[in-house]
Amino acid sequence: MDKLSLRPGLIWGSQLEDVFSYCKECLCALPAVNVIGSSSINAALIAAKEAQAPIIIQFSNGGAHFNAGKLLPNEGQRAAIAGSIAGAYHIAHLAQEYGVPVILHTDHCAKKLLPWVDGLIKAGEDHYKAYGKPLYSSHMLDLSEEPLEENITVCQRYLERLHAIDMFLEMELGVTGGEEDGVDNTEVDSTRLYTQPKEVLQAYTALKEVGRFTVAAAFGNTHGVYKPGNVKLRPIILKNSQNEVYTNIHTDNPRPIHFVFHGGSGSEKEKISEAVSYGVVKFNIDTDTQWAFTRPVREYMDAKHDFLMSQVGNPEGSDKPNKKYIDPRAWLVLAEKGMKNRLIEAYKDLNAYQKFIFRYE
Ligand SMILES: [Zn+2]
């Protein structure tokens, strides 16, 4: 199969559909990495450049607020909206400079956070009117805590607006376990951690009338990394769900659903490949890249401990300046490199490494 060729910058609409379809054909998926500011954004963009594959960059609600400044009040989601918009402009501009295609997305939005996505859709509509393209490629609504009917109806309503500006919706069915961004699902009843194929069929049927979407179906995945054996992944649920849709509504593609794998960190490599073979096109990674970012910083702080105790004076002399050790750039670049390397590993695990061609004309 010929490699899919893409221009640098935002991927959205029918082109995003092409990217996901291509991923399914060549059995690969793209990493979707959570970012919180310019350093993690740099790591994501340089990883995509090295991997010669698009990157999905996403802001969680907390990450978007952090991008605007954690010290800035967030009444009515103002700071999270501003952080998401600023992040989108920042990433779109740098994507051209790095020469990489990017898919921009916002992560879990529970019912109480809907004002955040409402603000972003409004900004996206204005942007679309002015430039003919959306600000983001997709938004996620996570109404998995609500009754199924409500989840689907609200998603339909939002997808109508998103589709009008060539955007995708990501919806969640079943609950991702663990804890992320202040939402604690560690004690959730374990049966709810596995989505029923019938639920997927119901959602697929309702949403496909309206627009383009991806489905985060729970198959035992968990946010965060816990001790081995804690997570029992059953990707077969994804295969059964594809079959359920295919046999009931006779879609052209035997794997009609674009699945999203949440809580990718710490997953066994074979389970990742298996899930990808069942139509996972987006693989969320956060905890592993957080660790890859923080570990080199800790190593630096340990190694340079005696140079970081005061501005002047270190083991080389009581009058020696420590400016170059104190400069945050000295250790943030190590964090960026650590996170970039972890993302390259993810591209390889997901079979997406150098699977694309970047076109610059
Ligand atoms: Zn998630």
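## Where two helices meet

In this predicted model, helix 2 (residues 38-51) and helix 12 (residues 328-349) touch through a set of side-by-side residues: Ser39, Ser40, Asn42, Ala43, Ala44, Ile46, Ala47, Glu50 and Ala51 in helix 2 meet Leu332, Ala335, Glu336, Met339, Lys340, Leu343, Ile344 and Tyr347 in helix 12. Contact here means that C-beta atoms, placed from the backbone, lie within 7 Å. By class, the contact has 11 nonpolar, three polar and three charged residues (nonpolar: Ala, Val, Leu, Ile, Met, Phe, Trp, Tyr, Cys and Pro; charged: Asp, Glu, Lys and Arg; polar: the others, Gly among them).

The helix axes, lines fitted to C-alpha atoms over the stretch in contact, come within 8 Å and cross at roughly 45°.

## A covered strand

Strand 7 (residues 168-173) has six of its six residues buried, with 20 or more other C-beta atoms within 10 Å of their own. Phe168, Glu170 and Glu172 lie on one side, and Leu169, Met171 and Leu173 on the other.

Strand 6 (residues 138-141) pairs with strand 7 in the parallel sense over four bridges; pairing takes at least two DSSP bridges. Leucine 141 has methionine 171 as its bridge partner.

Another open sheet has the strand order 9-8-11, with mixed pairing. Strands 9 (183-185) and 11 (222-223) each have a single partner strand, so one side of each lacks a neighbour in the sheet.

## Reading the numbers

Residues are numbered from 1 along each chain as its sequence is written. Local features need pLDDT of at least 70, side-chain atom pairs count only at 80 or more, and totals for chains, interfaces and linings use all residues. Helices (H or I, at least four residues) and strands (E, at least two) are DSSP runs numbered from the N terminus.

Conventions: Axes fitted to C-alpha atoms, helices over the stretch in contact; angles between N-to-C directions. Buried ≥ 20, exposed ≤ 12 C-beta atoms within 10 Å, placed from the backbone.
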